[in-house]
Amino acid sequence: MTHDLVTLLRPLLTAEASAEAYASGAEAGDLEQAVWLRLLERLEVDGPPHDPHRWLRSAVRTEARRTRRTARDERPYATEPAGATDHEPEHLALAAARRRALRDAVRRLPGRCPRLMEALLSPEDLTYREIAGELGISQGSLGPERSRCLGCLRRLLAPEVAAR
């Protein structure tokens, strides 16, 4: 019985939901899903509606009104709540993936660029003098060397960034 009712109502529900979706600001698929849920709840309690087509049209309009009311009453945050994005699992996983990709690219750099970039990326926040001493180069040549290494890194990462 339920399968027959679904088969009977599916084309009408698709058409009605598509017609109401734009005005309510909802997706047609969301309206359809809400109406199917209401139908299943009704079947469990009261059985099938006496006039399924009329019931369906009414249910679609009711869901569209509910969606408009919800959209009107809900207000998005102007900004994310303080600290909310910094510690969310998704944000942490994406940040870790970006760090891994950067470290992998740094390891593929030519010459002494990997050591220079690792020193620049160090959490110890080394000064140019400390980096120059660690690498055994003059402090004056550190800037041009850094620029050359960053250029290599950009060229290395460009295809990976474009692919995403």
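Start by selecting R57 and E16: these two form a salt bridge, with their closest N and O atoms 3.7 Å apart. The pair joins distant parts of the chain, since R57 sits in helix α3 (residues 52-73) and E16 in helix α1 (residues 2-24), 41 residues apart. Keep in mind that you're looking at a predicted model.

Now show the surface. Is E16 buried or exposed? E16 is buried, because its relative accessible area of 13% falls under the 20% cut-off. R57 has 35% relative accessibility, so R57 counts as partly exposed.

Together with E16 and R57, they are linked in a network of salt bridges.

Next stop: select R103 and E118. Their side chains meet in a salt bridge, at 2.9 Å from N to O. R103 belongs to helix α4 (residues 89-107) and E118 to helix α5 (residues 113-121), so this pair ties together parts that are 15 residues apart in sequence. R103 is partly exposed at 28% relative accessible area, and E118 is partly exposed too, at 30%.

For the last stop, pick R112 and E145, whose side chains meet in a salt bridge at 3.5 Å, N to O. Here R112 is in the loop between α4 and α5, while E145 is in helix α7 (residues 142-163), and the two are 33 residues apart. Check the surface again: R112 is partly exposed at 38% relative accessibility, whereas E145 is buried at 13%.

Methods:
Residues are numbered from 1 along each chain as its sequence is written. This is a predicted model: local features need pLDDT of at least 70, side-chain atom pairs count only at pLDDT 80 or more; totals for chains, interfaces and linings use all residues. Side-chain values use heavy atoms; hydrogens and water are left out. A salt bridge is a side-chain nitrogen of Lys or Arg within 4 Å of a carboxyl oxygen of Asp or Glu. Helices (H or I, at least four residues) and strands (E, at least two) are DSSP runs, numbered from the N terminus. Buried means under 20% relative accessible area, exposed over 50%, partly exposed in between (1.4 Å probe, protein chains only).
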